[in-house]
Amino acid sequence: MLWPLSTRHKRLFRLTSARWQRRAIFLLGGIGVGAAAVALAQLADLAQHAFALLLAKSRYAVLAVTPLGFMLSAYMTIRLFPNAQGSGIPQAIAARHLTDQAARESLVSIRIAIGKMILTLFGLLCGGSVGREGPTVQVGASIMFALGRVSPRRQPGLILAGAAAGVAAAFNTPLAGIVFGIEEMSRAFETRTSSLIIAAVIAAGLTSLALAGNYAYFGSSAMSLARGADWLAVPACGVVGGLAGGLFSRVVIAMARGFKNPLGRAIKGHPLWFAFACGFAVAICGLVSGDTVYGTGYVQVKEALDHGTPLPQNFGVLKLLATSFAAISGIPGGIFSPSLAVGAGIGSNIAAFFHDAPLGAIMLLGMVSYFAGVVQAPITAFVIVTEMTDNRGMVVPLMAAALIAHFVSRMICEEGIYHALAKGFVERATRPREGEGR
């Protein structure tokens, strides 16, 4: 004979069921994010290969393909996928701060995730200096948001977990994914969701391993700073990288907020033609660089690290310019990989003053310094570079360079680029609704 459950047991059953449902959402979401990250990575490689084939036929074709591609991407973003522009990380941060479901959905949704992936690939296909890792963060947040619609109260934690899982799967850096979620996405450690975030990162990481295998993003590296004089490269890279990263952030933030002058009004009134002009500028940078600054910059940096050969002297500056034009154009695309490439170029230039120091070690210092200068998240910067190169011997100098770069960057740009841009998305998402109540 079955005895009826008491009220206490019913309540306990509901709580247990809800708890396991929430855990299942995080784990399933992590698997989905990992699969999406691997798919985007492989398709991004194909897009860059297709663009390389175009360059092989006629390197001057970029004078038409890149500007028109930027214009078309901006048009599709405005008309079909609003709020898919840029890296996608500011949108994920903004979605966490919003409480209205419709406002959140305008920033993270399956529709936007699909558009983000398509247009990021299109940007790489036409030579944009963009990355896929930032878009993977918005895609990850969108997948988690969609799965978590059954539990709106938990959605800030779900969005955070999706973003962290996106970084982990995109770079194959699980520790960096967790640190990114804590330091950059939330700017605080949320005890109640921390274990579930780790579970989502693990699920995404295991999915990435199953589909793409175990690998270090830039390969394994055992280089380190051996002599005492070599350590002078740490403050040198920290200062230069922090200055360049802070300047980049300040320009991108200022352009996103707009200018109250005729030029600012012209840019706002003609976004497609502005995107065309930015695409043309990227094409010019590419031609001057000898076709080295298109795309993510991953291939150029990995080859330099693998073979211990310096990057071209103008690579860092031209990659910085190409990435800046792509970032302000309004097309979807991230700045993670391009920023690491810019930093590698800066490190390669600084290495010319340290003849006996390992070139690769100083390039790593440049990468972590510029990246920390841009995002102003020094812990994420040195963890992600350490994991990407599988180099534990450089942990201390990378930490020091990241902290110096962060301090220097803050003197030029008071706030990190992602959080500054996120404020704009929050304001735009809430402004119409505030107006309705008046």
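By salt bridge I mean a side-chain nitrogen of Lys or Arg within 4 Å of a carboxyl oxygen of Asp or Glu. This is a predicted model, so local features need pLDDT of at least 70 and side-chain atom pairs count only at pLDDT 80 or more, while totals for chains, interfaces and linings use all residues. Residues are numbered from 1 along each chain as its sequence is written, and side-chain values use heavy atoms, with hydrogens and water left out.

Back to the pair. Asp306 and Lys302 sit four residues apart in helix α13, so about one helical turn separates them. Helices here are DSSP runs of H or I with at least four residues, strands are runs of E with at least two, and both are numbered from the N terminus. Asp306 is partly exposed, at 45% relative accessibility. Lys302 is partly exposed too, with a relative accessible area of 23%. The scale is this: buried is under 20% relative accessible area, exposed is over 50%, and partly exposed is in between, using a 1.4 Å probe and protein chains only.

How many salt bridges does the structure hold? Four. Another one joins Lys423 and Glu415, at 3.1 Å from N to O. Lys423 is partly exposed at 43%, and Glu415 is partly exposed at 24%. Then there is Glu133 with Arg132, where the closest N and O atoms are 3.7 Å apart. Both Glu133 and Arg132 are buried. As a general point, side chains of opposite charge can pair when their charged atoms come close.

Next, the interior. A nonpolar core is a set of buried Ala, Val, Leu, Ile, Met, Phe, Trp, Tyr and Cys residues, joined through side-chain atoms within 4.5 Å. The largest one has 105 residues, and Ile384 and Ile417 have the most contacts inside it. Which helix gives the most to this core? Helix α16, residues 359-375, with 13 residues. Apart from this core lies another, of six residues, including Leu55, Val62, Ala283 and Tyr294.

Look at Ile384 for a moment. Contact means heavy atoms within 4.5 Å. Setting aside neighbours within four places in sequence, Ile384 touches Val167, Phe171, Thr173, Ala176, Phe336 and Phe371.

Is Gln138 buried or exposed? Gln138 is buried, at 0% relative accessibility. Beyond its neighbours within four places in sequence, its contacts include Asn83, Ala84, Gln91 and Lys116.

That brings up Asn83. Asn83 lies in the loop between α2 (62-79) and α3 (89-97). Its phi is near 75°, a positive value in a residue other than glycine. Most residues other than glycine have a negative phi. Asn83 is buried, with a relative accessible area of 19%.

Asp291 also has a positive phi, near 70°. This residue is in the loop between α12 (271-288) and α13 (298-307). Asp291 is partly exposed, at 21%.

Last, the cysteines. How many disulfides are there? Zero, by the rule that a disulfide is a pair of cysteine sulfur atoms within 2.5 Å. Cys237 is buried, at 0% relative accessibility. Cys285 is buried as well, at 7%.
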